[in-house]
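Hi,

Here is the structure I promised to pass on to you. Have a look at it first, and then read on for my notes.

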Amino acid sequence: MRKPHWMTIGLCLLVSLVLAACPAPGAAPAPAGGAEGAEESSDDSVAAAPADGDRVQVRWFIGLGTGSGEGQPEQQDAIIERFNESQDRIELIPEYVPNASARDTLSTQIASGNGPDLIGPVGWGGSNAFAGQYLDLTDLIELSSFDTSQINPALVDMYQSEDGKQVGLPFLVFPASVFYQRELFDEAGLNYPPTSYGDKYVMPTGVEVDWNYDTLTEIARILTVDANGNDASMGEFDGTNIVQYGFTFQWQTALPYIGSYISGAGSMAGDDGQTSTIPDGWVDAWSWWHDAMWGDAPFAPTGPVIQSPEFGSGNVFSSQKIAIAISPSWYTCCIADAGEAWDLAALPTGLNGEVNGRIDADTFRILSDTEHPNEAFEVLQFLLTDAAVELAGIYGGMPARPDQAEEWFAAKANQFPFVENWDVVNAGLAYPDVPSAEASTPNWNETWDRVATLENLILNEADIDIAGEAATLLEELQTIFEK
């Protein structure tokens, strides 16, 4: 998740519009010691020392979003140690949980009355899975005089619930872009993808063409190579023995993501919020993606290939055997094995004739039933201020505060000195998915589980009726919505 430099005011407004409707996957009563307790305190500081002199333990659940991946816990541990050594009232305790099991683990903890105090970083999807269970921060913000003036007000407002509660604060934003391997383009004699939105792609003949999914398909086939050195544009190509692929969606295979990137943003809940729908063009997008993996001239890895050790065991772009990937900038958190020849480029125009981007946004949430709201909020302030730039580097996100974003971008340029086009990430803020691909739906968890069933079918089966499966999905989603 890496984001470059900060945006202009105009871009800020765009982000706001974007994120206001935004996301990514992943109802409790008022807390026993919630913000009400903070109001009763006569102390101007948010965190009061416990009466018995012992440290208050604040449990931080990490893994519902990023944070528990390879190499990340060690980096966060250093930040946690710094916080714990900076004062003698609070002990911050991390709980690292693999992302794949984090939702179930957190559900079990909450159901058993043993939920953590703080959760994050977490995007819209992960947050939606536990909607209604977050602490209203309004009184804590006022009591602590926490300064939000440096953040675009619209970004603050996007974390207000429909009933006016401030259930989060802006932390990181993650525009999507194209990641590509320069050396693989060089070997194929191809020009690199456009680095600016609106630019044409230059074919090897010198002809300029629109940078869209048709062009991406054509060059991705040239970049897909079998064991005999034939590419997917050749008649001799052996699609059963591919050693290099031209394209993938890196950790972006959820069907709402695919639909949004290729055919435009939409929601699986209709305008009334209660009727299931499949947005216009999404079935075509899913068909395009399936053909890219299973068609006569495939150029994208299938589910089994993606999970194979030869192709990175899921982290397929980092295998250095994929020429082009699309992912939000948070992917830079986990790109260490991708070599030093990758760079960034503009997203292609979609089937709807428009650039269809995606913007994830991460923050931290305090559970409404925490017994330590003041202390948890003090930790939250630390994460959003003193530790923000360092955490942004670990998570790959652009800080929402402009001053932090500039510092973060300088750090990213130092970390990846071979990357020449960070500007395109910033430019991606102009192409939000509104509504978000992870927009809220009734029974969100079950909805996404059902959608994932079709996703897995598309990833793993060559012979399926996409339109028929989509029709079945639509019916079953309505049943889930009505539960």
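**Rings and charges**

Lysine 321 sits over the face of phenylalanine 311, 5.3 Å from the ring centre. Arginine 365 does likewise with tyrosine 134: it lies over the face of that ring, at 4.9 Å from the centre. Please keep in mind that this is a predicted model.

Searching the whole structure turns up 30 aromatic pairs. In one of them, the ring centres of tyrosine 180 and tyrosine 192 are 5.4 Å apart and the planes meet at 40 degrees, so the pair is tilted. Tyrosine 180 belongs to strand E4 (residues 172-181), while tyrosine 192 is in the loop between helix H8 (182-188) and strand E5 (201-202), so the pair ties together parts twelve residues apart in sequence. Are these two tyrosines buried or partly exposed? Tyrosine 180 counts as buried, at 2% relative accessibility, whereas tyrosine 192, at 32%, counts as partly exposed.

Another pair is made by tryptophan 288 and phenylalanine 299; this one is edge-to-face, with 5.7 Å from centre to centre and 65 degrees between the planes. Tryptophan 288 is in helix H11 (residues 282-294) and phenylalanine 299 in the loop between H11 and helix H12 (303-307), so that pair links parts of the chain eleven residues apart. Both tryptophan 288 and phenylalanine 299 are buried.

Tryptophan 288 also turns up in the largest nonpolar core, which has 140 residues. The residues with the most contacts inside that core are Phe249, Trp286, Trp288, Trp342 and Phe364. Beyond its neighbours within four places in sequence, tryptophan 288 is in contact with Tyr213, Leu216, Thr217, Phe247, Phe249, Ile262 and Phe299.

There is an aromatic cluster to look at as well: Phe179, Trp251, Phe317, Trp330, Tyr331, Trp342, Phe416, Phe418 and Trp422 form it together.

**Glutamine 250**

Glutamine 250 is found in the loop between strand E8 (242-249) and helix H10 (255-263). With a relative accessibility of 0%, glutamine 250 counts as buried. Which backbone atoms lie by polar atoms of the glutamine 250 side chain? One is the backbone nitrogen of phenylalanine 317, at 3.0 Å, and another is the backbone oxygen of glycine 314, at 3.5 Å. Not counting residues up to four places away in sequence, glutamine 250 touches Gly314, Asn315, Val316, Phe317, Ala325, Ile326, Ser327, Trp330 and Tyr331.

H10 is mostly covered, with nine of its nine residues buried. What covers the buried residues includes E4, helix H9 (213-222), E8, H11, strand E9 (322-328) and H17. Glycine 264 follows H10 and has a positive phi, near 115 degrees.

Helix H4 (residues 99-111) has 13 residues, which at 1.5 Å a residue should span 18 Å; the C-alpha atoms at its ends are 19 Å apart, which agrees. The buried residues in H4 are Ala102, Arg103, Leu106, Gln109 and Ile110. These buried residues pack against strand E1 (56-62), strand E2 (90-96), strand E3 (118-122) and helix H17 (444-460). After H4 comes glycine 113, whose phi is positive, near 75 degrees.

**Two loop residues**

Arginine 55 is in the loop between helix H2 (35-40) and E1. At 35% relative accessibility, arginine 55 counts as partly exposed. What does the side chain of arginine 55 reach? It reaches the backbone oxygen of glutamine 87 at 2.9 Å, and the backbone oxygen of isoleucine 90 also lies 2.9 Å from a polar atom of this side chain. Arginine 55 and isoleucine 90 are 35 residues apart along the chain, with 4.8 Å between their C-alpha atoms.

Aspartate 386 lies in the loop between helix H13 (373-384) and helix H14 (388-395). Aspartate 386 is exposed, with a relative accessible area of 62%. Leaving out residues up to four places away in sequence, aspartate 386 touches Arg82 and Gln381.

Best wishes

Terms used
Residues numbered from 1 in each chain as written. Predicted model: local features only at pLDDT ≥ 70, side-chain atom pairs only at ≥ 80, totals over all residues. Heavy atoms only, no water. Core = buried A, V, L, I, M, F, W, Y, C linked by side-chain atoms within 4.5 Å. Buried < 20%, exposed > 50% of the residue type's maximum accessible area, 1.4 Å probe, protein only. Contact = heavy atoms within 4.5 Å. Phe/Tyr/Trp six-rings, centres within 6.5 Å; stacked < 30°, edge-to-face > 60°. Helix = DSSP H or I, 4+ residues; strand = E, 2+ residues; numbered from the N terminus. Lys NZ or Arg CZ within 6 Å of the ring centre and 35° of its normal. Polar contact = N/O pair within 3.5 Å; in protein donor to acceptor, adjacent residues only side chain to side chain. Expected span 1.5 Å × (residues − 1).
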